[in-house]
Structures are given as C-alpha cells and as structure tokens.
Amino acid sequence: MLQNYRALAPSSYQRITFGLSRARDLLWPAVLFLGLLLRLVVYLQNRSLFLDEANLARNIAEISLADCFAPLRYQQYAPPLFLVLEKINFLLAGASEYSLRFWPLIMGGLALLILYDLLRQLSEKSWAGLFVFYLFACSQVFIRYSAELKQYSTDMAVTSTLVWLALRYRPTTGKRIALWILAGSLAIWLSMPSVFVLTGVGLYFGYLGLKDQQNIPVAALLLIGTIWLLNFGLYFWLILANDLQKPDLLSYHQPYFWPLLPTSGADWARLSGLAQSLLGTLSGHTFPAIVLSLSGLVAGTIYLGKKRPALLWLLIGPIVACLIASGLGRYSLIERLTLFLMPLPGVLLAFGLNFLVQYVGRWGQLVLLIFGLLILPLRKGPEYLVYPFRYEEMRSLLAELREQLRAGDLLWIDLYAYPAFYWYTQHAPEAASLRPEQISGSVVHQWDGDPWEELSGQITADGRVWMIFSHLVSDRNRREMREDLESVSAQLGPVEREIRQTGVAAFGFAEERPATPEHQSPDRTH
C-alpha cells in the first residue's frame, strides 16, 4: 500500500513506512480491546429480556437437564449443549439477566478473540485485515447478540474455533483424528449450523489429502465424517424433525429461503434481497459498503483460487452448503441465523481487500480508502459507551405500572408482550414484587387479534382496563397498537393514563365501566 510514497527520499519513505507499520501494530490490540469492552458494557447495561429471550428463559426455568435434548416450548429452538450450559448457570446463579446472558457474553468475546488471531495471521497484520476486524469488533448486531439470551454468539464462536483448529491440526495422527471426532461431535450439539462449517472442514482436509499430497488418510476422513453424520442424524431425529412439521414456522421463514433456481421476478427479487442482507450483515447496508464487500469477496475468491485453493474450500464450502440447504427449505437466511457464517466471508474479504490494495494502483487505492472511510463511521457500536442499548424495557414498565394498579383492574396483554410479562411476573428475581394479582388483585388476559372482540366479556363494573404493548420497534407494530387502542377507545372512551418505556407501553382507560348482562366474571387462571 505504500509503494506510492517511494518517490520520496529514501529516509522519508522509511520514516513513513515505519510510522504507519507501528501505528497498525498498535491499532490491532486497541480494536480488540474496544470490541471486548463494548460487549461487556452492553452486558452490564442489563436491559430487560424481550419476546424471544423471555420465551427461551421460560424454557430454561421450566425444563430439566434431560429435556434440553428435546424440542422446546413457546416456539423456541436452541442447541442442546447451549441449553445445558444455560440450565446449569440458571441453577447455580439464578434467573437474573446477568446470569442468563453470561454464556453468550463469554462466547461473543471468544469469537472476537479467535477472529483476531485468524485475521492477524492470515492477512499478515495488514490494514485490510484490520479494517475487517474493526467491522466485527464494532458491529451493532455482533455486539447485541454477545449480550442476549440466544445462541448466535455461540454459533460464531464455534465457526471461528473450527476454522482455527483446521488450520493448525490436520488429522494425520491418532490423537488428531480423535480430536476432530470430539470437536465435530461437540460442535454439532452446541451449534446446529456447525454442520455447514464441518462440511467446509471436510472439503479442506479432502483437498489437502488428494491434491496437495498431505499425509491425511482417506480412511481417517471417512471415519470422522461418519461419526459426525451419526451425531447430526441423532440430533435431527430428536429435535429438528419436530420443527420441520410446524407449518407456522415454515410459513414465517418462507421469505428467507434462498431461491436455488429463480424462475420469476419474485424469485430474483428475493435472491437480491437475501444477498444484500448477507453482505449488509458483514459490512453494512449502504451502497459503498455493499460495493466494497462484494468487490473484496470476488477478489478474495480469485486470489485464493489461484494461491490457496484448499483454504478457499474451507471458507466457501459452508456458505455453499448453507445456501443449498436454504434452497431446499431446510435453513432460513434471516439475519440472526446467518451470523455463524460471517467469520468465513470476513476472512475472505480481508484477503480480497489486501489483494486489491496491492494491484489497483494509486487511484484505485484512493477509491478503496474513501469507501472504507465512508463505512467505518456506520459501525455504531462505540455509541453504546455513551447511549445504553435498549430494546424492550418491560421490567421498568411493570415497576412503574405497579404504582398505579388497584384491586379489580384488568390487564390486557398483547401477544408480543405476554412472554416478557409472564417472565417478569412469574420467574424473574423481582417476580414477587411485579406480580399484578399479588399487588392489587388485578386480572391478566392475553389477546391476539381484535382486543375488544376477544376480551370485552371480561369487563366488570368496578375495574379499570389497562392495555400493555411491546415489540414497538417497527412502524408496523406501532400502527397495529394504534389500531387496537382506537378499537377499545371507541367502546371505553379515551385513554386516561399512559406509561411508556423503550419498546413497550401501557395505556389505562376509564376509572369504572358498567357491567352488561353478557359480561362474565374474569377467569383468574387464564
């Protein structure tokens, strides 16, 4: 990258070269520290559990260790070993957010540490490698899932670890064969999408053994692969087969299945959208980010295809396998489910950008620099040092609502709000103080559809009505909330009380409502 300075006097060029090299060497650990700090800070900000987190937490609280190897309730999925670790942590440390999110934090930090080592080694500490590492260290999505009760940071850590192991330990001896049998088997039970990564590992070792004449016995690869397949087959039979029988789940993920053979405009539009989503997760969703990442990935593929084809198989094999599975309707490409892939195109991008920097000339380097400078500020992760990350603050809402409830009040809970509401009133450490029926004799009901049609029969003469909403992170959900409020306001009159926290809201209606003959006494066990 420094060849354009060589027209300067030798001593000036050497000083510039040394200064830039020194700065780059210092920035690598600085970016690592920043990435780890951001993950820890967001974890310590201790935001409330939200919809999916709360439902997964309910499973962790209610199931046994043996049940971790069976399908979950409340429309949740998580790998068995991940659940075992979470269950043990729950039993030892309790039901606090800190306890439940501890494992994702550790795995998010581990993923970053391993990626740090991979990119430093494979990119030879280049500026391109440092740029890619910054994208990972300061990405909002990677930081978020490092402090969230879901398995996605574990998926990234497992992917990075398998690639790291593959580059260092080839199955050439009995001990290393045993290592890969154990590592692959554990990976499958800890991170389901690791089966795609293991496909790349198998292709990598196979290429080294057949093409590069490495001392990797074919029999050893067959043995390792067979045991991996047996593990995955058992996993599929115990858990995944059940999920594939759920039409609602398949319908929800249908827009995120990759069109293997696009035959219509809708197919091409979906393919384009999914490709942009994958590139956007890696580097950002802006035009410069998409162009730079796409150019870098193409250049990286060309470079590795010529120079290190075995490594290319290791990196693109899992991507191809994942896209095929998605095209067959067996794996969704919704953003959070593709996070496990990101270390692979990340390494490929580092190779590609480094290749471009060396061969595009002075003006090409200037364009790359401008694009890079446009992308870096869009990594908003450092803002969490000043502005805490918040999503849905149900815990704070319930604490404020508690002060306004009184005997006989009716709480109508939106479908999206109910999981977090249930968690914080039944399982959380503060549940006893937030449980409405213990505070005031209030009665809780849930609705999914038109709230007035579903719940109007529960109104009594001496109770007020409260409506609680959450998941207010999109225009669609906020619009649905307004429609529901208008439906109820037409019958009960205007809202008289309002409580708002990030992503959640509660609205109170009139003091008293006259009971009609058809109104039934509310069932307090709902």
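In the predicted model, C68 is buried, with a relative accessible area of 1%. C322 is likewise buried, at 1% relative accessibility. The structure holds 0 disulfides.

The domain assignment divides the protein into domain 1 (39-241 + 259-385) and domain 2 (394-509). The contact between them draws on 17 residues from domain 1 and 13 residues from domain 2. Taken over C-alpha atoms, the centres of domain 1 and domain 2 are separated by 39 Å. About 1200 Å² is buried between domain 1 and domain 2, and carbon and sulfur atoms account for 61% of this area. On the side of domain 1, S48, L51 and R58 together supply 41% of the area buried against domain 2, more than any other three residues.

Polar interactions also occur across this interface, with 6 residue pairs in polar contact. The count of salt bridges between domain 1 and domain 2 is 1. E97 forms a salt bridge with R395, and the closest N and O atoms of the pair are 2.6 Å apart. Two helices, α2 (51-62) and α4 (97-100), each supply at least two residues of the side of domain 1 that touches domain 2. Of the elements on that side, α2 gives the most, with 7 residues.

H471 is located in the loop between β3 (465-469) and α23 (475-492). With a relative accessibility of 15%, H471 counts as buried, because this value is under the 20% cut-off. Residues up to four places away in sequence aside, H471 touches F50, L51, Y391, E392, Y416, N477 and G503.

Note on methods. Residues numbered from 1 in each chain as written. Predicted model: local features only at pLDDT ≥ 70, side-chain atom pairs only at ≥ 80, totals over all residues. Heavy atoms only, no water. Disulfide = S-S within 2.5 Å. Buried < 20%, exposed > 50% of the residue type's maximum accessible area, 1.4 Å probe, protein only. Helix = DSSP H or I, 4+ residues; strand = E, 2+ residues; numbered from the N terminus. Contact = heavy atoms within 4.5 Å. Domains from an automatic or database assignment. Buried area = accessible area lost by both parts, 1.4 Å probe. Salt bridge = Lys/Arg side-chain N within 4 Å of Asp/Glu carboxyl O. Polar contact = N/O pair within 3.5 Å; in protein donor to acceptor, adjacent residues only side chain to side chain.
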